[in-house]
Amino acid sequence: TVGSEVSDNAKTRIIEDIQLINNLLDENRKKLSGLQKKLKNANVKISELEKMIERLSKTIEEKDGEIAQLKDQLAKMNFSLDSLNAVYVATTQVVEEKQAELNTAYYCYGTYKELKEAGVLTKEGGFAGLGRMEKLREDFNKKYFTQVDITKAGEVVLQCKKAKLVTSHTAGSYKFEGEEGKKIEKLVITNPEEFWKVSKYLVIVVE
């Protein structure tokens, strides 16, 4: 994950810095030890040598402080990067859930009588009972529908004589297949993006 990559890179940089400082300290300590031996063996006070020893001692002290700060920074960074990674994981999960929701659609089919009794369809419009059109009820029964993934579902098997869509779907994004004038075998969705653009609910009335 992105969080783990950032964490690994940051840790590597700090560990490399600590290693470099440790190497420098080892070299300075060796030099200091050698100079101290020379001073002891000579049994004399040499001004320049003493100044060099003082500088080296100060450098070692400063580097020890830097290592302590880097170790503290590394410990704090571990905590911060763990928190960042947790946020990243949670955000990724939300995005995946939203994407799954966008890719979800529902369908059902049956005769008008079946769909009316199931609480899916009603008839409205017309004059004196004539010319009324089937349409979804405002409080239609969503439990009657079958859930599908629109990136995978490409057809609905019908096996009927006649079929028509009650819900709104883009013309040219689907077709009925079967023996012409005798039997409709299935509805084939040829362009899922266009087909489900208007409505995520598909209702087919069959006879």
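Predicted model: local features only at pLDDT ≥ 70, side-chain atom pairs only at ≥ 80, totals over all residues.
Residues are numbered from 1 along each chain as its sequence is written, and side-chain values use heavy atoms, with hydrogens and water left out.

The protein contains four helices and nine strands, where helices (H or I, at least four residues) and strands (E, at least two) are DSSP runs numbered from the N terminus. Read from the N terminus, the elements follow the order α-α-β-α-β-β-β-β-β-β-β-α-β. Buried residues account for 28% of the 207 residues, with buried taken as under 20% relative accessible area, exposed as over 50% and partly exposed as in between (1.4 Å probe, protein chains only). The protein exposes about 14500 Å², of which carbon and sulfur atoms supply 51%; accessible areas come from the Shrake-Rupley method with a 1.4 Å probe, and for residues only the protein chains shown count as cover. Among contacts (heavy atoms within 4.5 Å) between residues at least 6 apart in sequence, 65% join residues at least 24 apart.

Helix α1 spans residues 2-42 and includes L24, which is partly exposed at 32% relative accessibility. The C-alpha atoms of L24 and K63 lie 8.5 Å apart in space, although the two residues are separated by 39 positions in sequence. T104 belongs to strand β1 (residues 104-110) and is buried, with a relative accessibility of 15%. When neighbours within four places in sequence are left aside, the contacts of T104 are with Q147, V148, I150 and K200.

Three strands form an open sheet in the order β5-β8-β7, with antiparallel pairing; two strands are taken to pair if DSSP finds at least two bridges between them. The edge strands of this sheet are β5 and β7 (174-177), each of which pairs on one side only. From one strand to the next the twist averages 20 degrees, based on axes that are lines fitted to C-alpha atoms (for helices over the stretch in contact) and on angles that run from 0 to 180 degrees between N-to-C directions. Strands of a sheet pair through backbone hydrogen bonds, in either a parallel or an antiparallel sense. Between β7 and β8 the antiparallel pairing extends over four bridges, and F176 has L187, in β8, as its bridge partner.

L187 also belongs to the largest nonpolar core, which has 17 residues and in which L158, L187, W196, L202 and I204 touch the most other members. A nonpolar core is here a set of buried Ala, Val, Leu, Ile, Met, Phe, Trp, Tyr and Cys residues joined through side-chain atoms within 4.5 Å. At least two residues of this core are supplied by each of β1, β5, β6, β8 and β9 (201-206). With residues up to four places away in sequence not counted, the residues touched by L187 include V156, L158, L165, F176, L202 and I204. A second, separate core of 12 residues includes Y112, L115, F145 and V166.

Side chains of opposite charge can pair when their charged atoms come close. With a salt bridge defined as a side-chain nitrogen of Lys or Arg within 4 Å of a carboxyl oxygen of Asp or Glu, the count comes to six salt bridges. One of these joins E134 and K164, with an N to O distance of 3.0 Å. Because E134 lies in strand β3 (residues 133-136) and K164 in strand β6 (residues 163-165), this pair ties together parts that are 30 residues apart in sequence. E134 is buried at 16% relative accessibility, whereas K164 is partly exposed at 39%.

A salt bridge also links K186 and E155, whose closest N and O atoms are 3.3 Å apart. K186 lies in strand β8 (residues 184-189) and E155 in strand β5 (residues 155-160), so this pair ties together parts that are 31 residues apart in sequence.
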